[in-house]
Amino acid sequence: MRAGVAVRAPKAHSATSAVSTATTVGSVRLANPVCTASGTAGRSLELDPYMDLASLGAFVTKSLSAVPWPGNPAPRLVPSGEGMLNSVGLQGPGVQAWLERDLPGLCERGITTVVSIWGRTVEEFAMAATMLGDAPSSVVAVEANVSCPNLEDRRKMFAHSPSATAEVVEACLGAKRPVWAKLSPNVSDIAEIAAAARGAGAEAVVLVNTLLAMAIDVTRRRPHLGGVGGGLSGRPLHAVAVRAVWDVWESAPGEPIIGVGGVWDANSALELILAGASAIQVGTASFLDPAAAVKVLEAMVSFCEGEGVGSVAELVGEAHR
Ligand SMILES: Cc1cc2nc3c(=O)[nH]c(=O)nc-3n(C[C@H](O)[C@H](O)[C@H](O)COP(=O)(O)O)c2cc1C
């Protein structure tokens, strides 16, 4: 164990519980619906000393690009009400370095992994995806973070356009495994973008990335964040995420959705599941408690036991019925 860190938490889901936690996202079967959210849990084993990453449904990496990327200037995080603004700017070592340095540790620990990738052009997405083509089967899916600026379209996000979203998804099929498209809530019709992603071959959509936002430091009379604008995450985003999942399910009932946004307890996780998500991701809550994801899973199981729910999967989309 690394010095100065907490003892690893026990496995999240008690083997004696009668509640079945297994879920499926398209062709991907997960032991349970709770995953980490990209960019909030590192690229590898950073949170493993605090919780058993192998006991989660999946560990989702920070978004990686085909080449190393320096990210935005500091400061990169600032509190915002009960949430947080970030402008990390997708800093990362690139896919090749991740394959060499980080993936072996994840494989050794038996961690179900989803690799999030990004690019500034469709070509860069294709390069990142192709580099993952020979990754082991424990990399169960590639999450295409289309909520990043498209250099070829005046820095508009790919996720703002159905056609650009579809082009990225097609480019990511070179990863030779299921593609999940991570969409932006900053659109007028998210169901249209989700349909474009699916039409291009995405097995699932991940709803949602952060909301465009910013904060101004009134003493300095300057934007708080080094990158000026940022993304809002955490509790204030939760209701937006529930609505996005609800709307996308209504437009295509039963099509796979992963819900993310302001999950911090059983109730917030179950809201997304009842709205139509087969799995959920925990992000900003991990900054307050690095074991948040496992605790959400434990709390969901307790809720189901108390309510006599035999299987978490039976709750998916239940609020529409
Ligand atoms: C510090 C930080 C970094 C993030 N980096 C990424 C990223 O690299 N790729 C991505 O798709 N989403 C990224 N996100 C968005 C989260 O994955 C998630 O969609 C969003 O924060 C909403 O979930 P939450 O409210 O539980 O945090 C980041 C969020 C935060 C707070």
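**Exercise 1.** Determine which elements make the right-handed β-α-β unit, and describe the pairing of strand 16.

Step 1. A right-handed β-α-β unit is made by strand 15, helix 7 (residues 266-275) and strand 16. Right-handed denotes a path from the first strand over the helix to the second that runs clockwise when the strands point away from the viewer. Helices (H or I, at least four residues) and strands (E, at least two) are DSSP runs, numbered from the N terminus.

The model is predicted: local features need pLDDT of at least 70, side-chain atom pairs count only at pLDDT 80 or more, and totals for chains, interfaces and linings use all residues. Residues are numbered from 1 along each chain as its sequence is written, and side-chain values use heavy atoms, with hydrogens and water left out.

Step 2. Strand 15 (residues 257-260) and strand 16 run parallel and are joined by three bridges; two strands pair if DSSP finds at least two bridges between them. Val260 has Gln281 of strand 16 as its bridge partner.

Step 3. Strand 3 also pairs with strand 16 in the parallel sense, over three bridges. Here Cys35 stands opposite Gln281.

Step 4. In a regular strand, side chains alternate between the two faces of the sheet. From strand 16 (residues 279-282), Ala279 and Gln281 point one way, while Ile280 and Val282 point the other way; all are buried. Buried means under 20% relative accessible area, exposed over 50%, and partly exposed in between (1.4 Å probe, protein chains only).

**Exercise 2.** Which parts of the chain does the salt bridge between Arg109 and Asp48 link, and is each residue buried or partly exposed?

Step 1. A salt bridge requires a side-chain nitrogen of Lys or Arg within 4 Å of a carboxyl oxygen of Asp or Glu. The structure holds ten of them.

Step 2. In the pair of Arg109 and Asp48, the closest N and O atoms are 2.5 Å apart. This pair links distant parts of the chain, 61 residues apart: Arg109 is in the loop between helix 2 (103-108) and strand 7 (113-117), and Asp48 in the loop between strand 3 (34-36) and strand 4 (59-60).

Step 3. Arg109 has a relative accessible area of 26% and is therefore partly exposed, whereas Asp48, at 2%, is buried.

**Exercise 3.** Characterise the salt bridge between Lys176 and Asp134.

Step 1. The N to O distance is 3.8 Å.

Step 2. The partners are 42 residues apart, with Lys176 in the loop between helix 4 (162-172) and strand 9 (179-183) and Asp134 in the loop between helix 3 (122-131) and strand 8 (139-145).

Step 3. Both Lys176 and Asp134 are exposed.

**Exercise 4.** How many aromatic pairs does a search of the whole structure find, and what is their geometry?

Step 1. The search finds two aromatic pairs. Rings of Phe, Tyr and Trp (its six-membered ring) pair if their centres lie within 6.5 Å; planes under 30 degrees apart count as stacked, over 60 as edge-to-face and the rest as tilted.

Step 2. The ring centres of Trp69 and Trp118 are 5.8 Å apart and the planes stand at 75 degrees, so this pair is edge-to-face. Trp69 lies in the loop between strand 4 and strand 5 (77-80) and Trp118 in the loop between strand 7 and helix 3, so the pair ties together parts that are 49 residues apart in sequence. Trp69 is partly exposed at 28% relative accessible area, while Trp118 is buried at 4%.

Step 3. Phe125 and Phe158 are likewise edge-to-face, at 5.4 Å centre to centre and 90 degrees between the planes. Phe125 is in helix 3 and Phe158 in the loop between strand 8 and helix 4, 33 residues apart. Both Phe125 and Phe158 are buried.
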